[in-house]
Amino acid sequence: MGDRLAGKVALISGAARGQGAAHAALLASEGARLVIGDILADELAAVAETLTAKGHDVVAHVFDVRDEDGWNAAVALAEERFGRLDILVNNAGVLDMAGVEATTRESWDRIIATNQTGVWLGMKAAAEAMRRAGGGSIINTSSIYGLIGSGGATAYQATKGAVRLLTKTAAIEFAGAGIRVNSVHPGIVDTPMVSDDVPAEVIPIIVGATPLQRMARPEEISYGVLFLASDEASYVTGSELVIDGGYSTQ
């Protein structure tokens, strides 16, 4: 167990599985105390139980990132349980592969509310607690499709582009308070969201267009999140960390 985050408290959304669960495991292993959130109550409890059994200080909080009260309760829990909040990982997200004309208004609204509004609500809820802590680090999950076009996934891509610029705006706004804000931009990652929502025939096409010729493992994204969360990134804010096996370089 390391100490790169010793003494720090992190709040991670979408932590029940996939990238969020991997982020929780790595940040805890580096000394962070955690509040982990998700709408998947059983899976979230299992993650918390696994990490607690390893000796980590973790509390689960079931909430929907579209709900401002849920965010406020999560931040309050971090301060009540651990006395502070230093790190926010805005990880929760949903995906629809439909293009412009095939995307329904219902799907559009759901994805915008989760991926974009949820990130804004998380930053809004965490900011004052981080000021009380003397600063902090916010890591927002965007995507390579927040940087380049995909020819589909219209609502998803719209949100990921928005997250990129929300991050830069917040970085400027919060800099005076010592709060750094950065975005991570994963390529295709071997997670339940990909296996559940990306058509099976599309996955090898994306992998084939990736210079490293494979999907990322969730923990490979987590190491980027760990760096941005740590004091090693003390002069990094408003930046984009691309972790995509070279996909977006072409």
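Two strands are taken to pair if DSSP finds at least two bridges between them, and helices (H or I, at least four residues) and strands (E, at least two) are DSSP runs numbered from the N terminus. The structure is a predicted model, in which local features need pLDDT of at least 70 and side-chain atom pairs count only at pLDDT 80 or more, while totals for chains, interfaces and linings use all residues. Residues are numbered from 1 along each chain as its sequence is written, and side-chain values use heavy atoms, with hydrogens and water left out.

Strands of a sheet pair through backbone hydrogen bonds, either parallel or antiparallel. Here, an open sheet of 7 strands runs in the order β3-β2-β1-β4-β5-β6-β7, with parallel pairing. Its edge strands, β3 (58-62) and β7, each pair on one side only. From one strand to the next the twist averages 15°, where axes are lines fitted to C-alpha atoms, for helices over the stretch in contact, and angles run from 0 to 180 degrees between N-to-C directions. Within the sheet, strand β1 (residues 9-12) is joined to β2 by 4 bridges in the parallel sense. Leu 11 faces Val 35 of β2, and Ile 12 stands opposite Ile 36 in β2. Of the 6 residues of β2, 5 are buried (under 20% relative accessible area, with exposed over 50% and partly exposed in between; 1.4 Å probe, protein chains only).

Aromatic contacts were examined next. Rings of Phe, Tyr and Trp (its six-membered ring) pair if their centres lie within 6.5 Å; planes under 30 degrees apart count as stacked, over 60 as edge-to-face and the rest as tilted. By this rule the count is 2 aromatic pairs. Phe 63 and Trp 71 form an edge-to-face pair, at 5.0 Å centre to centre and with 70° between the planes. Phe 63 is buried at a relative accessible area of 5%, and Trp 71 is buried at 0%. The rings of Tyr 145 and Tyr 247 are also edge-to-face, because their planes stand at 80°, with the centres 6.1 Å apart. Tyr 145 lies in the loop between β5 (136-141) and α5 and Tyr 247 in the segment after β7 (240-243), so this pair ties together parts that are 102 residues apart in sequence. Tyr 145 is buried at 14% relative accessibility, as is Tyr 247 at 18%.

Grid points are joined across faces, edges and corners, and a volume is the space filled by probe spheres set on the points.

The largest pocket has a volume of about 1000 Å³. Its lining comprises 47 residues, with Gly 93, Val 94, Leu 95, Tyr 156 and Met 193 nearest the centre. The largest share of this lining, 4 residues, comes from α6. The lining divides into 23 nonpolar, 17 polar and 7 charged residues (Ala, Val, Leu, Ile, Met, Phe, Trp, Tyr, Cys and Pro count as nonpolar, Asp, Glu, Lys and Arg as charged, and the others, Gly among them, as polar).

The whole structure holds 1 cavity of 30 Å³ or more. The largest cavity contains about 40 Å³ of space, and its lining includes Trp 71 and Asn 90.

Notes:
1 Å grid on protein atoms, 1.4 Å probe; cavity = no way out; pocket = protein on both sides within 12 Å on 5 of 7 lines; lining within 4 Å.
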